[in-house]
Amino acid sequence: MRKLLAIWSGKLLTVAGRLIGKKSSSSPGEYALRIYPKLVADLRKHIKKGIIVTCGTNGKTTTNNLLCSALEAKGYKVICNRLGANMLNGVATTYLQAANLLGDFEADYACLEIDEAYTRIVFDYIKPDVMVITNLFRDQLDRYGEIDITTAILKEAIAKVPGMKLVLNADDPLCVRFKEETGKALFYGISEKVLEQLDDTKEGRFCPMCGAQMGFKYYHYSQLGDFECKKCGFKRPRPDVEVKNVSLKSPMSFTVNGRPMKINYKGFYNIYNLIAVYAAMEALGESTKDFASLLGNYKPQIGRMQEFAFKKPVILSLSKNPAGFNQAIATVNTDDRKKDVIIAINDLANDGRDVSWLWDVDFDKIYNENLNTLTTTGIRMWDISLRFKYSDVKVDYMEASMKKAVKTALESDSEVVYVLVNYTALYPTEAVLNELLKEGRYNAD
(Lines give C-alpha, C1' and ligand atoms only; values in the text may rest on other atoms or scores of the structure.)
Protein backbone atom coordinates (compact mmCIF):
# COMPACT_ATOMS: atom_id res chain seq x y z
CA MET A 1 0.00 0.00 0.00
CA ARG A 2 2.85 2.42 0.78
CA LYS A 3 4.30 1.73 -2.67
CA LEU A 4 0.99 2.57 -4.36
CA LEU A 5 0.60 5.69 -2.25
CA ALA A 6 4.14 6.77 -3.25
CA ILE A 7 3.38 6.27 -6.94
CA TRP A 8 0.01 8.02 -6.80
CA SER A 9 1.52 10.98 -4.92
CA GLY A 10 4.41 11.17 -7.40
CA LYS A 11 2.03 11.13 -10.36
CA LEU A 12 -0.09 13.90 -8.85
CA LEU A 13 3.02 16.00 -8.21
CA THR A 14 4.15 15.39 -11.80
CA VAL A 15 0.84 16.69 -13.18
CA ALA A 16 0.79 19.65 -10.80
CA GLY A 17 4.37 20.56 -11.62
CA ARG A 18 3.80 20.47 -15.36
CA LEU A 19 0.68 22.60 -15.04
CA ILE A 20 2.79 25.38 -13.54
CA GLY A 21 5.57 24.96 -16.10
CA LYS A 22 8.06 22.81 -14.18
CA LYS A 23 9.93 19.83 -15.65
CA SER A 24 8.84 17.49 -12.81
CA SER A 25 11.95 15.40 -13.31
CA SER A 26 13.09 14.90 -9.71
CA SER A 27 10.81 16.34 -6.99
CA PRO A 28 8.00 13.77 -7.51
CA GLY A 29 10.52 11.00 -6.88
CA GLU A 30 11.89 12.76 -3.82
CA TYR A 31 8.45 12.80 -2.16
CA ALA A 32 7.68 9.26 -3.32
CA LEU A 33 10.86 7.98 -1.66
CA ARG A 34 9.82 9.54 1.65
CA ILE A 35 6.69 7.40 1.53
CA TYR A 36 8.30 4.24 0.15
CA PRO A 37 12.12 4.28 0.37
CA LYS A 38 12.46 0.93 -1.46
CA LEU A 39 10.80 2.22 -4.65
CA VAL A 40 13.97 2.25 -6.78
CA ALA A 41 14.96 -1.21 -5.53
CA ASP A 42 11.81 -2.58 -7.19
CA LEU A 43 12.96 -1.41 -10.63
CA ARG A 44 14.71 -4.64 -11.66
CA LYS A 45 11.56 -6.78 -11.53
CA HIS A 46 10.03 -4.63 -14.30
CA ILE A 47 13.03 -4.74 -16.69
CA LYS A 48 13.25 -7.77 -18.98
CA LYS A 49 16.66 -7.43 -20.65
CA GLY A 50 18.96 -5.03 -18.83
CA ILE A 51 19.77 -1.81 -16.97
CA ILE A 52 22.42 0.50 -18.42
CA VAL A 53 23.81 3.43 -16.46
CA THR A 54 25.87 6.25 -17.95
CA CYS A 55 28.06 8.54 -15.88
CA GLY A 56 31.04 10.81 -16.39
CA THR A 57 31.71 14.52 -16.30
CA ASN A 58 30.64 15.52 -19.80
CA GLY A 59 28.37 13.93 -22.37
CA LYS A 60 26.32 11.64 -20.16
CA THR A 61 22.91 13.15 -21.01
CA THR A 62 23.54 12.97 -24.75
CA THR A 63 24.99 9.46 -24.51
CA ASN A 64 22.17 8.16 -22.31
CA ASN A 65 19.42 9.65 -24.47
CA LEU A 66 20.96 8.51 -27.75
CA LEU A 67 21.29 4.98 -26.35
CA CYS A 68 17.62 5.08 -25.40
CA SER A 69 16.69 6.27 -28.91
CA ALA A 70 18.84 3.56 -30.51
CA LEU A 71 17.15 0.83 -28.48
CA GLU A 72 13.69 2.25 -29.14
CA ALA A 73 14.45 2.30 -32.88
CA LYS A 74 14.94 -1.46 -32.61
CA GLY A 75 11.42 -1.81 -31.24
CA TYR A 76 12.29 -2.13 -27.56
CA LYS A 77 10.36 -0.45 -24.76
CA VAL A 78 12.80 1.66 -22.75
CA ILE A 79 12.46 3.83 -19.66
CA CYS A 80 14.92 6.72 -19.44
CA ASN A 81 15.56 9.82 -17.32
CA ARG A 82 15.82 11.95 -20.46
CA LEU A 83 15.82 15.31 -18.70
CA GLY A 84 19.03 14.48 -16.85
CA ALA A 85 17.64 14.17 -13.32
CA ASN A 86 20.46 11.86 -12.35
CA MET A 87 20.30 11.40 -8.59
CA LEU A 88 18.26 8.83 -6.67
CA ASN A 89 15.12 10.99 -6.74
CA GLY A 90 15.44 11.36 -10.52
CA VAL A 91 15.57 7.57 -10.93
CA ALA A 92 12.53 7.26 -8.66
CA THR A 93 10.66 9.82 -10.77
CA THR A 94 11.47 7.86 -13.92
CA TYR A 95 10.09 4.72 -12.27
CA LEU A 96 6.84 6.22 -11.00
CA GLN A 97 6.11 8.03 -14.25
CA ALA A 98 6.49 4.76 -16.17
CA ALA A 99 4.26 2.81 -13.78
CA ASN A 100 0.47 2.56 -14.02
CA LEU A 101 -1.85 3.30 -11.11
CA LEU A 102 -1.31 -0.24 -9.80
CA GLY A 103 2.45 0.36 -9.71
CA ASP A 104 3.11 -1.99 -12.62
CA PHE A 105 4.90 -1.68 -15.97
CA GLU A 106 7.13 -3.70 -18.25
CA ALA A 107 10.15 -2.50 -20.22
CA ASP A 108 12.94 -4.22 -22.07
CA TYR A 109 15.67 -1.81 -20.97
CA ALA A 110 16.27 1.00 -18.50
CA CYS A 111 18.72 3.71 -19.64
CA LEU A 112 19.70 5.79 -16.64
CA GLU A 113 22.06 8.72 -16.43
CA ILE A 114 23.62 8.74 -12.95
CA ASP A 115 25.57 11.54 -11.28
CA GLU A 116 29.08 10.26 -10.48
CA ALA A 117 28.80 11.23 -6.82
CA TYR A 118 25.52 9.31 -6.50
CA THR A 119 26.60 6.04 -8.11
CA ARG A 120 27.52 4.45 -4.79
CA ILE A 121 24.10 5.39 -3.41
CA VAL A 122 22.05 4.34 -6.46
CA PHE A 123 23.95 1.04 -6.73
CA ASP A 124 22.66 0.08 -3.29
CA TYR A 125 19.21 -0.10 -4.90
CA ILE A 126 19.87 -1.26 -8.47
CA LYS A 127 22.53 -3.52 -9.95
CA PRO A 128 23.23 -2.39 -13.53
CA ASP A 129 24.19 -4.81 -16.28
CA VAL A 130 26.31 -2.23 -18.14
CA MET A 131 28.03 0.93 -16.92
CA VAL A 132 29.32 3.53 -19.39
CA ILE A 133 31.92 6.04 -18.14
CA THR A 134 32.39 8.85 -20.67
CA ASN A 135 35.27 10.89 -19.18
CA LEU A 136 36.46 12.47 -15.94
CA PHE A 137 37.25 16.18 -15.71
CA ARG A 138 37.29 18.71 -12.88
CA ASP A 139 33.73 19.82 -12.20
CA GLN A 140 32.02 21.72 -9.34
CA LEU A 141 35.00 21.65 -6.99
CA ASP A 142 32.89 22.60 -3.96
CA ARG A 143 30.73 19.52 -4.53
CA TYR A 144 32.98 16.88 -6.08
CA GLY A 145 36.39 18.05 -4.94
CA GLU A 146 39.36 16.97 -7.03
CA ILE A 147 39.16 14.09 -9.48
CA ASP A 148 40.72 11.56 -7.12
CA ILE A 149 37.65 11.89 -4.89
CA THR A 150 35.32 11.16 -7.83
CA THR A 151 37.53 8.24 -8.83
CA ALA A 152 37.30 6.76 -5.33
CA ILE A 153 33.50 7.06 -5.37
CA LEU A 154 33.27 5.29 -8.74
CA LYS A 155 35.60 2.52 -7.54
CA GLU A 156 33.36 1.98 -4.52
CA ALA A 157 30.25 1.86 -6.74
CA ILE A 158 31.80 -0.61 -9.23
CA ALA A 159 32.79 -2.91 -6.35
CA LYS A 160 29.11 -3.20 -5.41
CA VAL A 161 28.23 -4.85 -8.76
CA PRO A 162 30.95 -7.47 -9.47
CA GLY A 163 29.39 -8.87 -12.67
CA MET A 164 28.74 -5.52 -14.33
CA LYS A 165 30.20 -4.87 -17.80
CA LEU A 166 32.20 -1.64 -18.09
CA VAL A 167 32.24 0.48 -21.26
CA LEU A 168 35.19 2.89 -20.99
CA ASN A 169 36.74 5.72 -22.98
CA ALA A 170 40.08 4.30 -24.16
CA ASP A 171 41.44 7.83 -24.70
CA ASP A 172 40.97 8.91 -21.06
CA PRO A 173 43.57 7.43 -18.69
CA LEU A 174 41.28 8.19 -15.75
CA CYS A 175 38.58 5.98 -17.28
CA VAL A 176 40.92 3.21 -18.49
CA ARG A 177 42.18 2.58 -14.96
CA PHE A 178 38.71 1.27 -13.94
CA LYS A 179 39.44 -1.93 -15.85
CA GLU A 180 41.61 -2.83 -12.87
CA GLU A 181 38.46 -3.02 -10.73
CA THR A 182 36.86 -5.79 -12.82
CA GLY A 183 39.61 -7.17 -15.05
CA LYS A 184 37.42 -6.71 -18.10
CA ALA A 185 36.04 -3.81 -20.08
CA LEU A 186 34.96 -2.80 -23.57
CA PHE A 187 36.87 0.25 -24.84
CA TYR A 188 36.01 2.93 -27.40
CA GLY A 189 38.27 5.66 -28.78
CA ILE A 190 39.45 7.87 -31.64
CA SER A 191 42.63 6.37 -33.10
CA GLU A 192 44.16 9.26 -35.05
CA LYS A 193 45.27 12.83 -34.53
CA VAL A 194 42.41 15.11 -35.53
CA LEU A 195 42.79 18.49 -33.82
CA GLU A 196 45.54 21.04 -33.61
CA GLN A 197 47.78 20.12 -30.68
CA LEU A 198 47.04 23.03 -28.35
CA ASP A 199 48.41 23.34 -24.84
CA ASP A 200 45.09 23.26 -23.01
CA THR A 201 44.43 22.12 -19.45
CA LYS A 202 45.04 18.39 -18.92
CA GLU A 203 43.13 17.00 -15.96
CA GLY A 204 44.91 13.62 -15.91
CA ARG A 205 48.44 14.34 -17.03
CA PHE A 206 49.88 12.13 -14.27
CA CYS A 207 49.66 8.36 -14.45
CA PRO A 208 46.76 7.10 -12.30
CA MET A 209 48.71 3.92 -11.58
CA CYS A 210 52.15 5.18 -10.47
CA GLY A 211 51.92 9.00 -10.40
CA ALA A 212 54.61 9.71 -13.01
CA GLN A 213 53.94 12.28 -15.73
CA MET A 214 52.58 10.64 -18.86
CA GLY A 215 53.53 11.25 -22.45
CA PHE A 216 51.14 11.66 -25.39
CA LYS A 217 51.65 10.73 -29.04
CA TYR A 218 48.71 13.07 -29.70
CA TYR A 219 45.72 14.32 -27.79
CA HIS A 220 42.27 15.55 -28.73
CA TYR A 221 41.48 17.83 -25.79
CA SER A 222 42.26 17.91 -22.10
CA GLN A 223 43.80 14.50 -21.27
CA LEU A 224 41.98 12.56 -24.02
CA GLY A 225 44.42 11.04 -26.51
CA ASP A 226 47.06 8.38 -27.11
CA PHE A 227 48.84 8.26 -23.76
CA GLU A 228 51.61 6.14 -22.26
CA CYS A 229 53.48 6.13 -18.96
CA LYS A 230 57.16 5.40 -19.57
CA LYS A 231 57.69 4.48 -15.93
CA CYS A 232 55.10 1.71 -15.36
CA GLY A 233 53.90 0.97 -18.90
CA PHE A 234 50.27 2.01 -18.34
CA LYS A 235 49.01 3.08 -21.78
CA ARG A 236 46.01 3.55 -24.01
CA PRO A 237 44.45 0.19 -24.86
CA ARG A 238 43.48 -0.80 -28.37
CA PRO A 239 39.81 0.21 -28.68
CA ASP A 240 37.17 -2.42 -29.39
CA VAL A 241 35.14 0.37 -31.01
CA GLU A 242 37.54 2.49 -33.04
CA VAL A 243 37.04 5.75 -34.92
CA LYS A 244 39.18 6.77 -37.87
CA ASN A 245 38.93 8.97 -41.01
CA VAL A 246 37.45 11.94 -39.13
CA SER A 247 36.33 15.00 -41.10
CA LEU A 248 35.05 17.98 -39.10
CA LYS A 249 33.45 19.63 -42.12
CA SER A 250 29.67 19.92 -41.93
CA PRO A 251 28.25 17.32 -41.75
CA MET A 252 30.95 15.63 -39.68
CA SER A 253 31.96 12.20 -40.96
CA PHE A 254 34.10 9.33 -39.69
CA THR A 255 34.28 5.55 -39.66
CA VAL A 256 33.50 3.25 -36.72
CA ASN A 257 35.23 -0.10 -37.06
CA GLY A 258 35.37 0.64 -40.77
CA ARG A 259 31.70 1.62 -41.16
CA PRO A 260 31.07 5.16 -42.51
CA MET A 261 29.03 7.54 -40.32
CA LYS A 262 27.75 11.10 -40.72
CA ILE A 263 26.21 13.44 -38.16
CA ASN A 264 24.49 16.76 -38.75
CA TYR A 265 25.18 18.34 -35.37
CA LYS A 266 28.19 20.23 -34.15
CA GLY A 267 31.11 19.43 -31.87
CA PHE A 268 34.02 17.01 -32.17
CA TYR A 269 33.15 15.80 -28.66
CA ASN A 270 29.88 14.41 -30.00
CA ILE A 271 31.85 11.68 -31.77
CA TYR A 272 32.78 10.37 -28.32
CA ASN A 273 29.12 10.36 -27.27
CA LEU A 274 28.12 8.43 -30.37
CA ILE A 275 30.76 5.74 -30.12
CA ALA A 276 30.04 5.31 -26.40
CA VAL A 277 26.54 4.33 -27.47
CA TYR A 278 27.90 2.05 -30.20
CA ALA A 279 30.10 0.33 -27.61
CA ALA A 280 27.22 0.03 -25.13
CA MET A 281 25.10 -1.64 -27.83
CA GLU A 282 27.87 -4.17 -28.40
CA ALA A 283 28.19 -4.77 -24.66
CA LEU A 284 24.45 -5.56 -24.61
CA GLY A 285 24.81 -7.97 -27.52
CA GLU A 286 22.65 -5.77 -29.76
CA SER A 287 23.40 -5.45 -33.47
CA THR A 288 25.12 -2.23 -34.62
CA LYS A 289 24.68 -2.84 -38.35
CA ASP A 290 21.95 -0.20 -38.59
CA PHE A 291 23.71 2.31 -36.33
CA ALA A 292 24.41 4.85 -39.10
CA SER A 293 20.69 5.15 -39.87
CA LEU A 294 19.92 5.94 -36.23
CA LEU A 295 22.08 9.06 -36.24
CA GLY A 296 19.96 11.03 -38.69
CA ASN A 297 16.86 10.76 -36.51
CA TYR A 298 18.40 11.74 -33.19
CA LYS A 299 17.68 15.20 -31.79
CA PRO A 300 20.24 16.43 -29.22
CA GLN A 301 18.91 17.29 -25.76
CA ILE A 302 18.20 20.90 -24.80
CA GLY A 303 21.32 23.07 -24.92
CA ARG A 304 23.57 20.63 -26.75
CA MET A 305 24.41 22.98 -29.64
CA GLN A 306 20.65 23.42 -30.01
CA GLU A 307 19.69 25.73 -32.92
CA PHE A 308 16.80 28.23 -32.84
CA ALA A 309 15.43 29.48 -36.17
CA PHE A 310 15.50 33.26 -35.94
CA LYS A 311 16.36 35.49 -38.92
CA LYS A 312 19.88 34.31 -38.15
CA PRO A 313 20.61 31.11 -36.23
CA VAL A 314 20.93 31.25 -32.46
CA ILE A 315 22.81 28.26 -31.05
CA LEU A 316 22.47 27.38 -27.37
CA SER A 317 25.18 25.32 -25.66
CA LEU A 318 25.49 24.06 -22.10
CA SER A 319 29.09 24.49 -20.92
CA LYS A 320 29.56 23.86 -17.22
CA ASN A 321 33.25 23.10 -16.58
CA PRO A 322 36.67 23.87 -18.11
CA ALA A 323 36.77 20.90 -20.50
CA GLY A 324 33.22 21.54 -21.68
CA PHE A 325 33.79 25.25 -22.17
CA ASN A 326 37.02 24.67 -24.08
CA GLN A 327 35.22 22.31 -26.44
CA ALA A 328 32.34 24.75 -26.89
CA ILE A 329 34.82 27.50 -27.74
CA ALA A 330 36.58 25.18 -30.21
CA THR A 331 33.23 24.45 -31.86
CA VAL A 332 32.39 28.16 -32.06
CA ASN A 333 35.76 28.82 -33.68
CA THR A 334 35.15 26.22 -36.42
CA ASP A 335 32.22 28.38 -37.59
CA ASP A 336 33.61 30.86 -40.12
CA ARG A 337 30.56 33.11 -40.03
CA LYS A 338 30.60 36.52 -38.36
CA LYS A 339 29.29 35.82 -34.88
CA ASP A 340 28.05 37.32 -31.65
CA VAL A 341 28.82 35.34 -28.51
CA ILE A 342 26.88 35.58 -25.23
CA ILE A 343 28.24 33.87 -22.09
CA ALA A 344 26.10 33.42 -18.98
CA ILE A 345 27.56 32.23 -15.66
CA ASN A 346 25.50 31.48 -12.55
CA ASP A 347 26.60 30.17 -9.15
CA LEU A 348 23.45 28.58 -7.78
CA ALA A 349 23.58 25.28 -5.89
CA ASN A 350 23.30 23.12 -9.02
CA ASP A 351 26.15 25.03 -10.68
CA GLY A 352 28.52 24.89 -7.73
CA ARG A 353 29.15 28.04 -5.69
CA ASP A 354 32.88 28.03 -6.46
CA VAL A 355 33.53 29.70 -9.83
CA SER A 356 37.33 29.50 -9.63
CA TRP A 357 37.10 26.98 -12.50
CA LEU A 358 36.64 29.94 -14.86
CA TRP A 359 40.40 30.50 -14.61
CA ASP A 360 41.03 27.04 -16.10
CA VAL A 361 39.10 27.83 -19.29
CA ASP A 362 41.09 29.01 -22.32
CA PHE A 363 38.89 32.05 -22.89
CA ASP A 364 41.62 33.81 -24.88
CA LYS A 365 40.93 31.39 -27.75
CA ILE A 366 37.46 32.81 -28.32
CA TYR A 367 38.97 35.96 -29.75
CA ASN A 368 39.42 35.84 -33.54
CA GLU A 369 38.65 37.84 -36.66
CA ASN A 370 35.11 36.40 -36.94
CA LEU A 371 34.02 37.51 -33.46
CA ASN A 372 31.64 40.46 -33.82
CA THR A 373 30.59 41.14 -30.21
CA LEU A 374 31.08 39.44 -26.86
CA THR A 375 28.43 39.83 -24.14
CA THR A 376 28.55 38.60 -20.55
CA THR A 377 25.51 38.00 -18.35
CA GLY A 378 24.31 35.89 -15.42
CA ILE A 379 24.69 36.13 -11.66
CA ARG A 380 28.50 36.04 -11.94
CA MET A 381 28.64 38.45 -14.88
CA TRP A 382 31.39 40.51 -13.23
CA ASP A 383 33.55 37.45 -12.55
CA ILE A 384 33.46 36.23 -16.14
CA SER A 385 34.09 39.76 -17.40
CA LEU A 386 37.15 40.03 -15.15
CA ARG A 387 38.33 36.67 -16.45
CA PHE A 388 38.16 38.00 -20.01
CA LYS A 389 40.06 41.13 -19.00
CA TYR A 390 42.96 38.96 -17.80
CA SER A 391 42.88 37.15 -21.15
CA ASP A 392 43.09 40.51 -23.00
CA VAL A 393 39.68 39.85 -24.58
CA LYS A 394 37.35 42.81 -24.94
CA VAL A 395 33.83 42.43 -23.53
CA ASP A 396 31.52 44.61 -25.63
CA TYR A 397 28.42 44.39 -23.41
CA MET A 398 27.65 43.45 -19.82
CA GLU A 399 23.91 42.87 -19.66
CA ALA A 400 21.95 41.57 -16.67
CA SER A 401 18.95 40.64 -18.83
CA MET A 402 19.41 37.61 -21.12
CA LYS A 403 16.47 38.77 -23.21
CA LYS A 404 18.10 42.15 -23.86
CA ALA A 405 21.42 40.46 -24.61
CA VAL A 406 19.83 38.17 -27.21
CA LYS A 407 17.81 41.00 -28.78
CA THR A 408 20.97 43.12 -29.11
CA ALA A 409 22.74 40.24 -30.85
CA LEU A 410 19.79 39.61 -33.17
CA GLU A 411 19.81 43.28 -34.19
CA SER A 412 23.55 43.30 -34.98
CA ASP A 413 25.14 42.67 -38.38
CA SER A 414 26.45 39.23 -37.43
CA GLU A 415 25.48 36.03 -39.24
CA VAL A 416 25.06 33.73 -36.22
CA VAL A 417 24.69 33.99 -32.43
CA TYR A 418 26.20 31.55 -29.93
CA VAL A 419 24.90 31.48 -26.36
CA LEU A 420 27.13 29.53 -23.94
CA VAL A 421 25.59 28.98 -20.51
CA ASN A 422 26.25 26.97 -17.38
CA TYR A 423 23.65 24.72 -15.81
CA THR A 424 21.04 26.90 -14.08
CA ALA A 425 21.15 29.45 -16.90
CA LEU A 426 20.17 26.78 -19.45
CA TYR A 427 16.40 26.47 -18.98
CA PRO A 428 15.77 30.21 -18.38
CA THR A 429 17.73 30.97 -21.56
CA GLU A 430 15.73 28.39 -23.50
CA ALA A 431 12.54 30.03 -22.19
CA VAL A 432 13.76 33.46 -23.35
CA LEU A 433 14.55 32.15 -26.82
CA ASN A 434 11.17 30.44 -27.14
CA GLU A 435 9.45 33.61 -25.94
CA LEU A 436 11.22 35.65 -28.60
CA LEU A 437 10.24 33.09 -31.24
CA LYS A 438 6.59 33.46 -30.20
CA GLU A 439 6.83 37.24 -30.42
CA GLY A 440 7.89 36.78 -34.03
CA ARG A 441 9.79 40.03 -34.46
CA TYR A 442 13.13 38.37 -35.16
CA ASN A 443 11.88 35.22 -36.87
CA ALA A 444 13.13 33.98 -40.22
CA ASP A 445 10.96 35.00 -43.18
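Partly exposed, as used in these legends, means a relative accessible area between the buried range, under 20%, and the exposed range, over 50%. The model shown is predicted.

**View 1. Trp359 and Tyr390 form an edge-to-face pair.** The ring centres of Trp359 and Tyr390 lie 5.4 Å apart and the planes meet at 70°, so the pair is classed as edge-to-face. Trp359 is in the loop between strand E14 (339-344) and strand E15 (371-377), while Tyr390 belongs to helix H13 (residues 381-390). The pair therefore ties together parts 31 residues apart in sequence. Trp359 has a relative accessible area of 41% and is therefore partly exposed. Tyr390, at 59% relative accessibility, counts as exposed.

**View 2. Tyr221 and Phe268 form an edge-to-face pair.** The search of the whole structure gives 13 aromatic pairs. In the pair of Tyr221 and Phe268, the distance is 6.4 Å centre to centre, with 85° between the planes. Tyr221 is in strand E7 (residues 215-221), and Phe268 is in the loop between strand E11 (259-263) and helix H10 (269-284). The two residues are 47 residues apart, and their pair links distant parts of the chain. Tyr221 counts as buried at 6% relative accessibility, and Phe268 also counts as buried, at 5%.

**View 3. Four aromatic residues are joined in a cluster.** Phe137, Tyr221, Phe268 and Tyr272 are linked by ring pairs.

**View 4. Arg177 sits over the ring of Phe178.** The charged end of Arg177 is 5.7 Å from the centre of the Phe178 ring.

How values were computed
Residues numbered from 1 in each chain as written. Predicted model: local features only at pLDDT ≥ 70, side-chain atom pairs only at ≥ 80, totals over all residues. Heavy atoms only, no water. Phe/Tyr/Trp six-rings, centres within 6.5 Å; stacked < 30°, edge-to-face > 60°. Helix = DSSP H or I, 4+ residues; strand = E, 2+ residues; numbered from the N terminus. Buried < 20%, exposed > 50% of the residue type's maximum accessible area, 1.4 Å probe, protein only. Lys NZ or Arg CZ within 6 Å of the ring centre and 35° of its normal.
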